[in-house]
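Here's a quick briefing to read with the model open beside you.

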Amino acid sequence: MNAHRLETFFSEKSRIAILIHRNPDGDALGSALAIRHFLSKWYHKRNKPVTIDIISPSLIAYFLEWLPGASEVIRFPESPERARQIIREADSLIYVDFNAPNRIDELSEELERSTVPVILIDHHREPQVEPAISYWNPEAASSAQLAWKFIKDFNETDLIDKNIAECIYTGIMTDTGSFRFRSVTPEVHRIVAELLEYGVDPDKVYSLIYHRFSLRRLQFFGHSITFRIRHLPEFRTTYMAIPAEDLVRFNIGPGETEGLVNYTLAIEGTRLGVLMIDRTRENQGKPMVRFSFRSKGNVHVDEFARKFFNGGGHHNAAGGVLYTTLDEAETYFLQKLSSLLPVLVAENEA
Ligand SMILES: [Mn+2]
């Protein structure tokens, strides 16, 4: 995208709503904040009045609250009417780290009604929007690197600062398992190198995100790993099924189960790791189980999640949901697992 087209598009806008997905992760929030910081400065430089709001469909996890500007994000559960109104009055919408209006719960209706142009900044498969401006690449390791490209394409590097760099760095770090996933290319490291030149402190960012466990949360992880894990070596699969009572017992809040699924892949030989959590309490008491899938190599969990679990995502990281009890969800999962067996046990794959 050339700078002139971006300039033409944004110079006509004065009410921009930036939208992120439910339970925003470091990539969604970091990208959205970086874009808001940058665009605010871009309009300020031109003396053009503008309103730029970030709307989150749910609350923000405590370990992301430190991100520069996070306190200004509008959270739907706290101000539902205001969130709806911002979308209704917006003259442009920026979708960040998601690409289907139905991923943002109660706000989906407002989005579907809206007729204003959409800017898409995302790396998930099968987008369900027709954007006016698109920074979409399913091969990208993170939305943050696409947000970075968007910012750089304005050709006004004097507006880029440490806050912007820190937000982008957080997005890339959290979506790449700290720069180790297959999706990490030399290009990703070149971007990270640039971000460090703006003064980002890697150890500080890592600690603010990952060294934030309370004793209670760490004990919940320990309890899950000890009592809720099942290892199926013949399927090269490891999964955990977490009953609602565990969430209550350890008082586990939104975002606090983040990262638990990764321990399933730590067992040698495992190529599919699954976390299923009873979320009935979040669904007005009606049965609901959320799934997280992680995999290695050519075990493509996005297809598996889409086909059987009302979900989707990336080749090696996806999510889904079933409206059943946890026991039923586990039985169903074990039935569907056989469809993956050939690829799970294929030879010559680590
Ligand atoms: Mn992402």
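**Cavity, metal and backbone**

Arg 15, Ile 16, Thr 51, Asp 53, Ile 86, Glu 89 and Ala 90 line the largest cavity. Keep in mind that this is a predicted model, where local features need pLDDT of at least 70, side-chain atom pairs count only at pLDDT 80 or more, and totals for chains, interfaces and linings use all residues. Residues are numbered from 1 along each chain as its sequence is written, and side-chain values use heavy atoms, with hydrogens and water left out.

**The cavity**
- Two or more lining residues each come from β1 (15-20), β2 (51-56) and α3 (80-89); helices (H or I, at least four residues) and strands (E, at least two) are DSSP runs, numbered from the N terminus.

**The manganese site**
- Asp 27 (OD), Asp 97 (OD), His 123 (NE2) and Asp 175 (OD) coordinate the manganese ion at 2.1 to 2.3 Å; donors are N, O and S atoms within 2.8 Å of the metal (3.2 Å for Na, K and Ca), and with water not among the atoms, sites may look incomplete.
- His 123 sits in the loop between β5 (118-122) and β6 (133-136) and Asp 175 in helix α6 (residues 162-175), so the pair ties together parts 52 residues apart in sequence.
- Both His 123 and Asp 175 are buried (under 20% relative accessible area, with exposed over 50% and partly exposed in between; 1.4 Å probe, protein chains only).

**Positive phi**
- Asn 23, not a glycine, has a positive phi of about 45°; Asn 23 is partly exposed at 42%.
- Glu 126, in the loop between β5 and β6, has a positive phi near 55°.

How values were computed:
1 Å grid on protein atoms, 1.4 Å probe; cavity = no way out; pocket = protein on both sides within 12 Å on 5 of 7 lines; lining within 4 Å.
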